[in-house]
Amino acid sequence: MSRAAPVPPHVIARRQQIGRQIRAVRLARNLTQEAVALRIGMDRATYVRIEQGQASPLLDTLILIADALGAPLSELVRG
């Protein structure tokens, strides 16, 4: 059985930066994690892992988060 290659540190750092940006936009909109998770049909725990950079969301999920926050996707992933 083969294992997936480990995620490089720079990718983890970038994932964490995106999570911080999502959180910043959410807070600027005065939304709770629960409110955003409910808007996109996701459990809060999974949403929290995305904000913390522990989970790697699909592009579709990032689009849903951007829509729920009322923000362009580019605002969430800018570097």
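Me: Which residues in H2 meet which residues in H3?

Reply: Gln-33, Glu-34, Val-36, Ala-37 and Ile-40 in H2 meet Arg-44, Tyr-47, Val-48 and Glu-51 in H3, where contact means heavy atoms within 4.5 Å, and helices (H or I, at least four residues) are DSSP runs numbered from the N terminus. By class, the contact of H2 with H3 has five nonpolar, one polar and three charged residues; Ala, Val, Leu, Ile, Met, Phe, Trp, Tyr, Cys and Pro count as nonpolar, Asp, Glu, Lys and Arg as charged, and the others, Gly among them, as polar. This is a predicted model, in which local features need pLDDT of at least 70 and side-chain atom pairs count only at pLDDT 80 or more, while totals for chains, interfaces and linings use all residues. Residues are numbered from 1 along each chain as its sequence is written, and side-chain values use heavy atoms, with hydrogens and water left out.

Me: Why is H2 called roughly perpendicular to H3?

Reply: The axes of H2 (residues 33-40) and H3 (residues 44-51) come within 9 Å and cross at roughly 110°, the axes being lines fitted to C-alpha atoms over the stretch in contact, with angles that run from 0 to 180 degrees between N-to-C directions. Angles of 65 to 115 degrees count as roughly perpendicular, under 35 as roughly parallel, over 145 as roughly antiparallel and the rest as oblique, so H2 is roughly perpendicular to H3.

Me: What makes H1 and H4 roughly parallel to each other?

Reply: H1 and H4 pack at an angle of about 20°, with their axes 10 Å apart, and they are therefore roughly parallel to each other. Their contact is made by Ile-22, Val-25 and Arg-26 of H1 and Leu-62, Ile-65 and Leu-69 of H4, which by class gives five nonpolar, no polar and one charged residues.

Me: Why is the pair of Glu-51 and Arg-26 called a salt bridge, and which parts does the pair tie together?

Reply: The term requires a side-chain nitrogen of Lys or Arg within 4 Å of a carboxyl oxygen of Asp or Glu, and the side chains of Glu-51 and Arg-26 meet at 2.5 Å, N to O. The structure holds one salt bridge. Glu-51 lies in helix H3 and Arg-26 in helix H1 (residues 9-28), so the pair ties together parts that are 25 residues apart in sequence. Both Glu-51 and Arg-26 are buried, a word that means under 20% relative accessible area, with exposed meaning over 50% and partly exposed in between (1.4 Å probe, protein chains only).

Me: How do you know whether Gln-33 is buried or exposed?

Reply: Gln-33, which lies in helix H2, has a relative accessible area of 16% and is therefore buried. Gln-33 touches Arg-26, Arg-44, Tyr-47, Val-48 and Glu-51, not counting residues up to four places away in sequence; Gln-33 and Glu-51 are 18 residues apart in sequence and 9.0 Å apart in space, C-alpha to C-alpha.

Me: What is the phi of Asn-30, and where is the place of Asn-30?

Reply: Asn-30 has a positive phi of about 55° although it is not a glycine, and its place is in the loop between H1 and H2. Most residues other than glycine have a negative phi. With a relative accessible area of 71%, Asn-30 is exposed.

Methods. Helices (H or I, at least four residues) and strands (E, at least two) are DSSP runs, numbered from the N terminus.
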